[in-house]
Amino acid sequence: MFENRQLTPRLEELRTQIRAYAVDFGLDFFEVIYELVDYDEMNMIASYGGFPTRYPHWRFGMQFEELQKSYSYGLSKIYELVINNDPCYAYLMRSNPEVDQKLVMSHVYGHSDFFKNNYWFSKTNRKMVDEMANHAVRVRRHIDKYGLDEVEQFIDVCLSLENLVDPHAPYFGEHKTSSEESREEQRLAATGTKFRTKPYMEEFVNPPQVLAAEKEVRLKELDREERFPAKPQRDVLTFLINHAPLRHWQRDVLEIIRDEAYYFAPQGMTKIMNEGWASFWHSKIMTTKALDSTEIIDYADHHSGTMGTRPGVLNPYKVGIELFRDIEERWNTGRFGPEYDACDDYSKRQSWDLKLGLGREKIFEVRKIYNDITFIDEYLTPEFCNQSQLFTYKFDRHAGNYVIDSREFKSIKEKLLDSLSNMGRPVINVDDGNFKNRGDLHMTHQYQGVPLKLDYARATLENIHKIWSRGVHLETEVDGKRKLLSYNGSRHEEKVLG
Amino acid sequence: MRGKIRENLKHYISRGELIARQGKNSVSVPLPQIDIPNFRFGKPEQGGVGQGPGEEGQPIGGEEAEAGPEAGDQPGEHVLEVDVSLEELAEILGEELELPNIEPKGTDSVHTMKERYTGIDSQGPESLRHFKRTFKAALKRQIQTGVYDPKNPIIIPMRDDRRYRSWKTQSIPQSNAVIIYMMDVSGSMGNEQKEIVRIESFWLDTWLKSQYENIETRYIIHDAAAKVVDAHTFFNVRESGGTKISSAYKLAKEVIEKEFPPSEWNIYPFHFSDGDNWGGDDTTLCMDILNEQLMPWSNVFCYGQVKSAYGSGQFIKDLREAFPDDDRMILSEINSRDEILNSLKTFLGKGR
């Protein structure tokens, strides 16, 4: 179906060169397999999230149409596409000029290094290309058996819950089994209180009926204590997989959606770092090694294109690369630690240089253990905010548009961390799978000042109902009041909680 | 994608936005970005962090702000356009309405003669000479006769070597169809009524075009007098005046007689009106024309009555009385845009 995707001899030569540069700089990456594709193949692959095979679903077609349209109208163009996998797969656009190919290759080695070494990627499946293909087979099998419409509609329902996962869950052990076991032990150990006595008095001091009755009471207490789930669970998807009355194939589809959500989660958690890191390295490799003098203008044009900023949007490439550069600079000159923090002489701070040369080592360490939140929390400095002209904005109700709110370091950092927490999505927990003692599902939105979009919330509740098949409830805050949104399968209710 | 178009077919049919987007062979169907609902933040108050110059309190530009704090992760409310070929659209329509395929009448009796080059002959005009075959024949002959010399391979064709393409005349069963749209443009037909007719004819056109290779359309408008117009006029005209339906039927009859002999053509007259005719005499005249010419000639005669504020809607009753149980006549009342779909099904559901 496709043309030969192998690199041309010239590109192969470039690849070897750039790979060598990357290794020299100390990058430690999964081997990268580059494939050469046309724009429509690129759009096809991109609409599949970078994977050659996915399960069939209309949204991929929709994405493809959109990419295709916006490419043919010249509105957008996909430069690089790389998959977290071992080996890494990356795609090069056949029609790109050589300088772009070099840039993309350098950039991709940065990503591959990040995938391999960043802690938050450590739990992702490195054979995801295969896994995705397996998912496709499983879904197709269900389609053959139960019909396209039925399966596709169910996938729609599942996708609506896709973000109800706990991005941190893979890094903890499973709590659930241990707590279930301990409950079981307690249950076995439950007896009535025995008084010490002589054997012949046993029957009278500790009458068996009384002991049995006491044991009964204990067990009942245990049952009552045993909440379901034991503690609020953020991984709603897994809860549903384990406890919702689903048919076999439905459970399988839901598992697929969850697995893919967990696979993609680290990319959402490290957007700024990942792009920053890759950009840092493409810029380093290109400007110090790979760039031919005739290509400088084109390179600068394309590089600045990716780094471009617009007032209302934070460009992760730009913030990321600048922060990495800032960190390198600070650790090279020793602008960190108590002495530097304590110094309040502006000119002294400006010329502070301990000639430590620790920068390179530091950024490699940073790329290993941080994610966007901890990265911003740790390394965003007032100087950096100032230099990068960061600001917070808010919605001005009178003017009906967004206005710059503040340029204060504290509020910028707060706002930024806010928007990054849980990848900018609301945190929702399941806290009772037997609400009102009638098998209803009760969830709570951890309200942090921003209300939910209510029409979407209601539609989502309907979808959860399709899975849980009994009443579903969501506690959240609307206009400053605690409210319980409920859906029982036929109508929505809203109750103000006292 | 097709599934989504199908789901929204009713919506598209009743809106008529498709017609404006009609290209040569395809229609671009606007698909609203279909959002899968999930728990998300209500946007406006959320705000976020941006980058760039500016004083506090300065607006940062409307559109960019839409994207929110994560660059372009949230899809905006834009509309996606998908190109669908007219054939595919007809197919979707057909599947959705469960329309039977039309069995063209007279496929056995109507034939066209067509020349097809199928064979080779030793005689013919020079303009049809088949060089390769001629060469081969000469080569064969030279080898047979021993004149051929592999070291000096010169081939000289003689008169007898010459080969020519030859043709056979085949008769091909032909299915031609003509749609004659007639519309009442008298004063009582308002813009809304015409819009309904316009939308309905677009879909009729789409379906019938998918059923016949060769399709012609004629447009007739009438008030008290009728005339043949082009499509543009048909859909945009504003007339006023009384109504003589017979004038349209007469004209349709003439058009058919002149251009489309009923023995060779599948004829589909569609007439749309608000059902307000001028006097009983004219109605009687209409019935006569229908009975004697139009009905026997046509595959099916369709009358769609659009509800208007002024029309009495009498005509459909008259037709019903005049042709009870005649399945060459299909009647449909269209009271609002939502009923276009049903009406299409009524018109096309018989497979004639």
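Predicted model: local features only at pLDDT ≥ 70, side-chain atom pairs only at ≥ 80, totals over all residues.
Reader: What joins strand 2 of chain B to chain A?

Author: The general idea is that strands of a sheet pair through backbone hydrogen bonds, either parallel or antiparallel. In this case strand 4 (residues 390-396) of chain A runs antiparallel to strand 2 of chain B, with four bridges joining them. To find the spot, go to A:F391, which stands opposite B:G50.

Reader: And which strand of chain A is joined to strand 4 of chain A by five bridges?

Author: That's strand 5 (residues 401-406) of chain A, again running antiparallel. A:F395 has A:Y402 in strand 5 as its bridge partner. The two strands form a hairpin with four residues between them, and A:G400 in the turn has a positive phi of about 70°.

Reader: Now for the open sheet in chain B. In what order do its strands come?

Author: Read across the six strands and you get 8-7-6-9-10-11, with mixed pairing. Strand 8 (226-229) and strand 11 (329-334) of chain B each have a single partner strand, so they stand at the edges and one side of each is left without a neighbour in the sheet. On average, neighbouring strands of this sheet are turned by 20° against each other, direction ignored.

Reader: How do strand 10 and strand 11 of chain B run, parallel or antiparallel?

Author: They run parallel, and six bridges join strand 10 (residues 301-306) to strand 11. One place to look is B:G304, whose bridge partner in strand 11 is B:S332.

Reader: Which strands does helix 9 of chain B touch?

Author: Helix 9 (residues 245-259) packs on the sheet against strand 6 (176-184), strand 7 (214-222), strand 8 and strand 9 (265-273) of chain B. Its direction makes about 150° with that of strand 7. Helix 12 (residues 340-348) of chain B also packs on the sheet, touching strand 10 and strand 11. The direction of helix 12 makes about 175° with that of strand 11 of chain B.

Note on methods. Residues numbered from 1 in each chain as written. Chains lettered and ligands numbered in written order. Pairing = 2+ DSSP bridges. Axes fitted to C-alpha atoms, helices over the stretch in contact; angles between N-to-C directions. Contact = placed C-beta atoms within 7 Å.
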